[in-house]
Amino acid sequence: MKQKATFITLEGIDGSGKSTIIKHLSKLLKSEKANYLITREPGGSAFGNKLRKLILSSSHIKHPLTHPLLFYAARAEHIEMTIKPALSQGTMVICDRFHDASHAYQAVHHNLDKHLKTLDQWIVADIQPDLTLFLDAPVELCFKRIAKRRKLDTFDQQDKTFYESVRSRYLARAHNDPERIKIIDASQSIAQVCHACYHAIQPWL
């Protein structure tokens with residue numbers, strides 16, 4: 001299968017089903033012999049994975065910039081060590097979260113937008129997603145899904161008000177960038193959501 005090197009990201013609040021959909025997409029792409037790489041944030045590199053453990057277990061951070069800086073430190077390594085090399089080799093990169101997540105999550109309680117934009121210019125630069133799939137589902141439904149998890153991380157333990165704000169910020173970004181960010185109804189069945197995501201990806205194959 002001949003394809004262009006494409007950078008695709010999946011976004012959504014916790015419980016939206018990203019991990020499940022990515023697994024199903026991976027099976028579909030593998031069956032079509034697509035040249036692709038699945039990665040995630042925070043993580044995606046040896047150093048990034050170490051920071052992931054720190055970020056997801058840190059519940060005592062006080063300064064509002066600490067979390068974003070940790071995320072962008074992991075993102076810098078992720079871009080240089082994983083994303084850029086893969087794209088340069090013609091590999092489609094599919095990433096579970098990227099910079100949209102920082103704008104949705106880290107800027108909820110603090111006015112950090114201008115700082116995040118500066119970090120984007122510095123760290124992300126021209127490594128912008130070609131396509132972003134935002135898996136959107138009501139917070140109440142996502143909470144029911146989260147409740148089934150055996151182990152909760154720092155973000156899983158946030159309240160519904162927090163997630164309503166995060167969802168609103170995601171929707172606002174999708175509204176402001178409709179060419180890149182496609183909203184997928186994640187309240188549907190796994191099969192329906194997977195079909196919608198795969199349909200959105202097909203033009204890039």
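This is a predicted model: local features need pLDDT of at least 70, side-chain atom pairs count only at pLDDT 80 or more; totals for chains, interfaces and linings use all residues.

Me: Ok, rings to begin with. How many aromatic pairs are found in the whole structure?
Reply: A search of the whole structure gives seven aromatic pairs. One of the pairs is Tyr 105 with Tyr 163, where the ring centres are 6.4 Å apart and the planes stand at 85 degrees, so this pair counts as edge-to-face.

Me: And where in the chain do Tyr 105 and Tyr 163 sit?
Reply: Tyr 105 is in helix α4, residues 99–105, while Tyr 163 is in helix α7, residues 160–176, so that the pair links distant parts of the chain, 58 residues apart. Both Tyr 105 and Tyr 163 are buried.

Me: What about Tyr 105 and Tyr 170, how are those rings arranged?
Reply: Tyr 105 and Tyr 170 also form an edge-to-face pair, with 6.4 Å from centre to centre and 80 degrees between the planes. This pair again joins helix α4 to helix α7, across 65 residues, and both Tyr 105 and Tyr 170 are buried.

Me: Which residues form the aromatic cluster with Tyr 105?
Reply: The cluster is made up of Tyr 105, Phe 134, Phe 143, Phe 162, Tyr 163 and Tyr 170.

Me: Which rings does Arg 75 lie over?
Reply: Arg 75 lies over the face of Tyr 72, at 4.5 Å from the ring centre, and over the face of Phe 98, at 5.4 Å from the ring centre.

Me: Switching to cysteines: how many disulfides does the structure hold?
Reply: The structure holds zero disulfides. For Cys 142, the closest cysteine sulfur is in Cys 197, and at 14 Å that is too far for a bond. Cys 197 is in no disulfide either, since the nearest cysteine sulfur, in Cys 194, is 6.7 Å away, whereas a disulfide needs the two sulfur atoms within 2.5 Å.

Me: Is Cys 142 buried or exposed?
Reply: Cys 142 counts as buried, because its relative accessibility is 0%, and Cys 197 is likewise buried, with a relative accessible area of 0%.

Me: Last topic, Asp 136. Where is that residue found?
Reply: Asp 136 is found in strand β4, which covers residues 131–136, and with a relative accessible area of 12% Asp 136 is buried.

Me: Which side chain does Asp 136 have a polar contact with?
Reply: The side chain of Asp 136 is joined to that of Arg 167 by a polar contact of 2.7 Å. Beyond its neighbours within four places in sequence, Asp 136 is in contact with several residues, including Leu 171, Ile 183 and Ser 187.

Conventions. Residues are numbered from 1 along each chain as its sequence is written. Side-chain values use heavy atoms; hydrogens and water are left out. Rings of Phe, Tyr and Trp (its six-membered ring) pair if their centres lie within 6.5 Å; planes under 30 degrees apart count as stacked, over 60 as edge-to-face and the rest as tilted. Helices (H or I, at least four residues) and strands (E, at least two) are DSSP runs, numbered from the N terminus. Buried means under 20% relative accessible area, exposed over 50%, partly exposed in between (1.4 Å probe, protein chains only). A charge sits over a ring if NZ of Lys or CZ of Arg is within 6 Å of the ring centre and within 35 degrees of the ring normal. A polar contact is a pair of N or O atoms within 3.5 Å; within protein, one must be able to donate a hydrogen and the other to accept it, and residues adjacent in sequence count only if both atoms are side-chain atoms. Contact means heavy atoms within 4.5 Å.
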